[in-house]
Amino acid sequence: MKRILIVDDDISLLEILESTLQYSNYRVKTLSECYDIFSEIEGFEPDLVILDYILSGINGGEICHQIKSNTATACIPVIIITAYPRIIESLGAYRSDAMLPKPFNLSDLLYTVDTCISKQSAGMSR
């Protein structure tokens, strides 16, 4: 079962994402705040990370950049979700693998998650 780590400070959205992804046979861990993404990744070993762009204390783009800049975690796909897609497009998307503008359709989320995990799996099998 593939594992997905989600960080978003909107508890209602976390619950929806968790239910949707669990229903699609993913193991999900949700966080409403994250002070040390690397300890969370080490403990949960996610196959994919979903980050909200606007978080309290740090933005999800910076967390994504940290993940992608670390050789131990750079291969983990990261999807950024945001209500401000124009801002993130102008900043280069922080090397994320995908971006979903809020509000998004849950079928678009599942498609994006499946695509990112499939690409990661294909890259690992080579």
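Reader: Why is cysteine 64 called buried?
Author: Buried means under 20% relative accessible area, while exposed means over 50% and partly exposed is in between (1.4 Å probe, protein chains only). Cysteine 64 has a relative accessible area of 0%, so it counts as buried. Please keep in mind that this is a predicted model, in which local features need pLDDT of at least 70 and side-chain atom pairs count only at pLDDT 80 or more, whereas totals for chains, interfaces and linings use all residues. Residues are numbered from 1 along each chain as its sequence is written, and side-chain values use heavy atoms, with hydrogens and water left out.

Reader: How do you know whether cysteine 116 is buried or exposed?
Author: Its relative accessibility is 8%, so cysteine 116 is buried.

Reader: What kind of aromatic pair do tyrosine 53 and tyrosine 94 form?
Author: Rings of Phe, Tyr and Trp (its six-membered ring) pair if their centres lie within 6.5 Å; planes under 30 degrees apart are stacked, over 60 edge-to-face, and the rest tilted. A search of the whole structure finds one such pair. Tyrosine 53 and tyrosine 94 are 6.0 Å apart, centre to centre, with 40 degrees between the planes, and the pair is tilted.

Reader: What makes this pair tie together parts that are apart in sequence?
Author: Tyrosine 53 is in the loop between β3 (48-52) and α3 (60-69), and tyrosine 94 in the loop between α4 (85-90) and β5 (98-101), so the pair links parts that are 41 residues apart in sequence. The helices (H or I, at least four residues) and strands (E, at least two) are DSSP runs, numbered from the N terminus. Both tyrosine 53 and tyrosine 94 are buried.

Reader: How do you know that the buried residues of α2 line one face of the helix?
Author: In α2, the buried residues are Ile37, Ile41 and Phe44. The arc is taken from the directions from the helix axis to the C-beta atoms. Seen down the axis of α2, the buried residues fall within an arc of 85 degrees, so they line one face. Glu42 and Gly43, on the other side of α2, are exposed.

Reader: Which residues is isoleucine 37 in contact with?
Author: Contact means heavy atoms within 4.5 Å. Leaving aside neighbours within four places in sequence, isoleucine 37 touches Leu5, Val7, Ile63, Gln66 and Ile67. At 3% relative accessibility, isoleucine 37 counts as buried.

Reader: What makes β3 mostly covered?
Author: Five of its five residues are buried. Leu48, Ile50 and Asp52 point one way from β3, and Val49 and Leu51 the other way.

Reader: How many bridges join β1 to β3, and how many join β3 to β4?
Author: Two strands pair if DSSP finds at least two bridges between them. Four bridges join β1 to β3, which run parallel. Four bridges also join β3 to β4, again running parallel.

Reader: Which residues touch the most other members of the largest nonpolar core?
Author: A nonpolar core is a set of buried Ala, Val, Leu, Ile, Met, Phe, Trp, Tyr and Cys residues joined through side-chain atoms within 4.5 Å. In the largest, with 20 residues, these are Ile4, Leu21, Ile50, Ile79 and Val113. α5 gives the most to this core, with five residues.
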